[in-house]
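Visitor: I am new to this structure. Please show me how to read it, feature by feature.

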Amino acid sequence: MTENADYDIEVKLLSITPDSERLLEQAGRLCYGSGHKIGEKADWLHLRITQGHESLIEHASATFYIRASRALTHELVRHRLASYSQRSQRYVREEANGYILPPEILTGSEDIQEEFKHAMATAYASYRRLLDAGLKPEIARYVLPNAWATEIICTWNFREIRHILKLRSGRAAMPEMRAVAARINIIMCQQAPKVFGQLADILPKMDSCAF
């Protein structure tokens, strides 16, 4: 697993274009008038992507369920070539201790851990008091921190997934995002190695598969 495996996140593949790699090869071969050769060369699709012909991989898509912090989803939804459905804080009441605890906090000093947990407990106590006072969840939620966990379903085409993995796996990316990207990468590498296997060279710190 990855260096970020201690994040209490969940990433599950819900759906993917059936026989995706054959579909993508068909789309690519159409461009070159070689549709009669589909399946003849195992590395044909891999080579086209290596050459930069990535528009053809937009014909396949995957849908993921992700449980992570709202800090993460605030960044994730910036990737606009996508469809998103997120658990609503307007209509769903949050529960106590429903936050993501970063391992960077957990491995810190006792003072750091206590500061973080105190902040979470205080925020949730305020949230409950506002609800008890008759305010709607959509107003009470204003006191909740970015650490609070949420659930989101995301649908991206393969080209966008590759873009996300390239952008969100580097050292400059948020650690929790790197953990999510790593899990997506492992799943997609298993599902479509001709499309995602070559990312092993681009993402050397992640558990990528080699084509």
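Visitor: Where does Asn-97 lie?

Guide: In this predicted model, Asn-97 lies in the loop between S3 and H4. Its backbone deserves a look.

Visitor: What should I look for in phi?

Guide: Most residues other than glycine have a negative phi. Asn-97 is not a glycine, yet its phi is positive, about 60°.

Visitor: Is Asn-97 buried or exposed?

Guide: Asn-97 counts as exposed because its relative accessibility is 62%, and the cut-off for exposed is over 50%.

Visitor: How many helices and strands are in the protein chain?

Guide: The protein chain has ten helices and four strands. Read from the N terminus, their order is β-α-α-β-α-β-α-α-α-β-α-α-α-α.

Visitor: What does the C-alpha trace span along its principal axes?

Guide: The span is about 70 × 35 × 20 Å. The protein chain has 211 residues, and 44% of them are buried. Take the contacts between residues at least 6 apart in sequence: 74% of these join residues at least 24 apart.

Visitor: Which side chains have a polar contact with Gln-89?

Guide: The side chain of Arg-70 is joined to that of Gln-89 by a polar contact of 3.5 Å. The side chain of Glu-94 has a polar contact of 3.0 Å with Gln-89. Leaving out residues up to four places away in sequence, Gln-89 touches several residues, including Pro-137, Leu-144 and Trp-148.

Visitor: What else does Glu-94 do?

Guide: Glu-94 forms a salt bridge with Arg-87, and the closest N and O atoms are 2.9 Å apart. Check burial for both partners. Glu-94 is buried, with a relative accessible area of 7%. Arg-87 is partly exposed, at 25% relative accessibility.

Visitor: How many salt bridges does a search of the whole structure find?

Guide: The search finds twelve salt bridges. One of them is between the side chains of Arg-162 and Glu-54, at 3.3 Å from N to O. When you read a salt bridge, ask where the partners sit. Arg-162 is in helix H7 and Glu-54 is in the loop between H2 and S2, 108 residues apart. Both Arg-162 and Glu-54 are buried.

Visitor: Which residue forms a salt bridge with Glu-58?

Guide: Arg-159 does, with the closest N and O atoms 2.7 Å apart. Arg-159 lies in helix H7 and Glu-58 in the loop between H2 and S2, so this pair ties together parts 101 residues apart in sequence. Arg-159 is partly exposed, at 32% relative accessibility. Glu-58 is partly exposed too, with a relative accessible area of 39%.

Visitor: What do salt bridges that share partners form?

Guide: They form one network of Glu-54, Glu-58, Arg-159, Arg-162 and Lys-166.

Visitor: What about the start of H7?

Guide: There, a side-chain oxygen of Asn-157 comes to within 3.0 Å of the backbone nitrogen of Arg-159. Then look at burial along helix H7 (residues 158-168): its buried residues include Phe-158, Ile-161, Ile-164 and Leu-165.

Visitor: How many disulfides does the structure hold?

Guide: The structure holds zero disulfides. To read a cysteine, look for the nearest cysteine sulfur. For Cys-154 that is the sulfur of Cys-189, 20 Å away. Cys-154 is buried, with a relative accessible area of 0%. Cys-31 is exposed, with a relative accessible area of 55%.

Visitor: Which residues form a nonpolar patch on the surface?

Guide: Leu-135, Ile-139, Tyr-142 and Val-143 form it, with about 390 Å² of accessible area together. Leu-135 is in the loop between helix H5 (110-132) and helix H6 (137-140). Leu-135 is partly exposed, with a relative accessible area of 35%.

Notes
Residues are numbered from 1 along each chain as its sequence is written. This is a predicted model: local features need pLDDT of at least 70, side-chain atom pairs count only at pLDDT 80 or more; totals for chains, interfaces and linings use all residues. Side-chain values use heavy atoms; hydrogens and water are left out. A polar contact is a pair of N or O atoms within 3.5 Å; within protein, one must be able to donate a hydrogen and the other to accept it, and residues adjacent in sequence count only if both atoms are side-chain atoms. Contact means heavy atoms within 4.5 Å. A disulfide is a pair of cysteine sulfur atoms within 2.5 Å. Buried means under 20% relative accessible area, exposed over 50%, partly exposed in between (1.4 Å probe, protein chains only). Patches are made of residues with over 30% relative accessible area and no salt bridge: like charges are joined within 9 Å, nonpolar side chains (Val, Leu, Ile, Met, Phe, Trp, Tyr) within 5 Å. Accessible areas come from the Shrake-Rupley method with a 1.4 Å probe; for residues, only the protein chains shown count as cover. A salt bridge is a side-chain nitrogen of Lys or Arg within 4 Å of a carboxyl oxygen of Asp or Glu. Helices (H or I, at least four residues) and strands (E, at least two) are DSSP runs, numbered from the N terminus.
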